[in-house]
Amino acid sequence: AVSAAMLTRFWFTQQVAGQLLAGLTNDDSVNQVALVRHFETVVYGRVLGGGEVDVVPGMNLKTTGDLWSDLDALEGVVDSDQSGAAAFGAAQVFYMFGWYDSDGNVDERRGRIAADLYMKSISKGGCDSGLDDEEFDQRACDVRYSHALMLDTWVHGNATPASSQEVFKHMLEMPRYNHVRDIWHTVHDFNYNALLFPGQYSAKVWPRHMWPPLATWMESHYGVIREELDVMLDTGAFEALMQLERSKEHLANPEGWDTLMIVRYGHFNDLLCKFAPATCELLKARSEIMDCPVINTNFLRLHPGGFLKPHFGNAPRLSLHLTLRAPEPDKALMHVGGQRLRWEEGEVIVFDDTFAHVVEHHGELPRYVLNIWFCHPCGEPSSHPLACAAVV
C-alpha cells in the first residue's frame with residue numbers, strides 16, 4: 001500500500017523538479033552555478049550575500065532532511081532535459097552531495113550517473129571544439145574532462161574503459177593540453193599542477209631526493225609531534241577540539257574522516273596550540289608554512305571503514321603526510337593517480353594531490369597523520385629553498 005508519507009514525498013519531489021526545470025537556461029555553466037547553489041543551501045544552510053554559504057555547525061548528510069528528495073527531483077530533471085543543459089550542474093551535484101546515501105554508503109548508481117553526465121557535458125560545453133585557453137577556463141572544461149575520466153575509470157573498477165580512452169585521446173588534441181601531450185600517457189596522468197607549470201617536474205609521489213627541506217624537517221621531528229598527539233588523545237583534548245571544528249567537506253562517508261585544523265591560510269588554531277605548543281612552534285619556524293598564502297595544516301584521522309571518494313586537490317600545491325599513528329599499514333591505503341601507497345609510522349609521504357586520489361580504511365583502528373598542503377616549489381613567489389626542477 002502507498003502511505004501518505006510516500007505520496008507527500010512524491011508530490012514534494014515533483015514540485016522541486018518542476019522548479020529546477022523552470023530555472024534552466026541554454027547556458028549549462030549558468031545552470032551549474034544555480035544547481036550547486038541550490039544544493040549548497042539544502043546541505044549547509046542559508047546562502048549569504050555574495051555567494052558565501054553560512055554553514056550550520058554539526059549539519060551533515062545524515063541530518064539534512066530535504067537532500068534526498070531534492071536529489072530524486074534532480075534525477076527527474078536530468079531525465080526530462082533532452083538538450084543536456086542540466087548535465088554539468090547535475091554531475092557536479094551528484095558528485096558533491098549524492099556520492100553517499102542516507103546510510104553513509106557509497107551510492108554507486110549515482111556515481112555512474114555523475115560519470116555519464118560529466119561525459120555528456122564535455123560536448124555540451126563546447127570543450128571538444130578547440131576553444132582557446134580563456135574560453136576553456138570560463139567553461140570549466142578542465143573540470144569536465146578530469147572528472148569524466150576519473151569517475152568513468154572508478155565506475156569500471158579502476159580499469160580504464162574504452163570510453164575513457166577515447167575521450168582522453170581526443171582531449172589531448174585540444175590546444176589546452178599541447179604541452180602535456182607527450183607526457184600524459186594514461187587517464188591517471190591528469191593533474192592540475194602540470195597544467196600550471198609546463199615543462200616542470202611532475203610526479204604522483206615525489207621521491208626523497210626531490211623532497212623540499214620541509215619534508216625531512218617534519219620527519220626528523222616525528223617524536224615530538226607524536227607525543228603531543230598521544231597526550232591530546234589520552235586526555236580527551238582531541239575530541240573536545242573536534243567539537244569546535246567547522247570544516248564540513250563531503251569527501252568522506254559520514255563519521256569516516258576528521259580534520260582538526262592547526263594552521264589555515266596563515267591563521268593558527270590558538271586553542272590547539274595550547275595543547276600542542278611544540279608542534280605549532282615547529283611549524284612557525286618554517287618559511288614554507290609562514291610565507292605560503294594557501295597553507296593548510298591539519299591532524300587527519302581516518303576511521304575504520306572510512307572512505308574518501310576519488311577527488312582532485314587544488315593547484316598550485318603539494319601535499320605532505322607525516323604518519324603519526326598507523327597501526328594497520330596494510331589496511332589503511334591511499335591511491336594517487338592509480339599508484340597505491342601506505343602509511344608507515346614516523347615516515348613522510350610527499351605527493352601531488354592534484355592527481356586523482358582516493359583513500360580507504362579496511363582495518364579496526366584509526367590512522368592519524370599530520371597533513372600539510374603547501375605551496376608548489378614552482379609557484380610564485382616561491383617559499384622553498386628547493387629549485388623548481390625541469391621535467392626528468
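How many bridges join strand β5 to strand β10, and in which direction do the two strands run? In this predicted model, local features need pLDDT of at least 70 and side-chain atom pairs count only at pLDDT 80 or more, whereas totals for chains, interfaces and linings use all residues. Residues are numbered from 1 along each chain as its sequence is written, and side-chain values use heavy atoms, with hydrogens and water left out.

Strands β5 (residues 317–325) and β10 (residues 367–375) run antiparallel and are joined by eight bridges; strands here are DSSP runs of E with at least two residues, and helices are runs of H or I with at least four, numbered from the N terminus. R325 has Y368 in β10 as its bridge partner. Both strands belong to an open, antiparallel sheet of six strands in the order β2-β1-β3-β10-β5-β8, where pairing requires at least two DSSP bridges between two strands. Because β2 (267–268) and β8 (348–351) stand at the edges with a single partner strand each, one side of each is left without a neighbour in the sheet.

Elsewhere in the model, helix α2 (residues 28–44) has 17 residues and reaches 24 Å from its first C-alpha to its last, close to the 24 Å expected at 1.5 Å a residue, the expected span being 1.5 Å times one less than the number of residues. Its buried residues (under 20% relative accessible area, 1.4 Å probe, protein chains only) include L35, V36, F39, V42 and V43. The buried residues of α2 fall within an arc of 165 degrees seen down its axis, so they line one face of the helix, the arc being that of the directions from the helix axis to the C-beta atoms. Just after α2, G45 takes a positive phi of about 125 degrees.

Methods: Buried means under 20% relative accessible area, exposed over 50%, partly exposed in between (1.4 Å probe, protein chains only).
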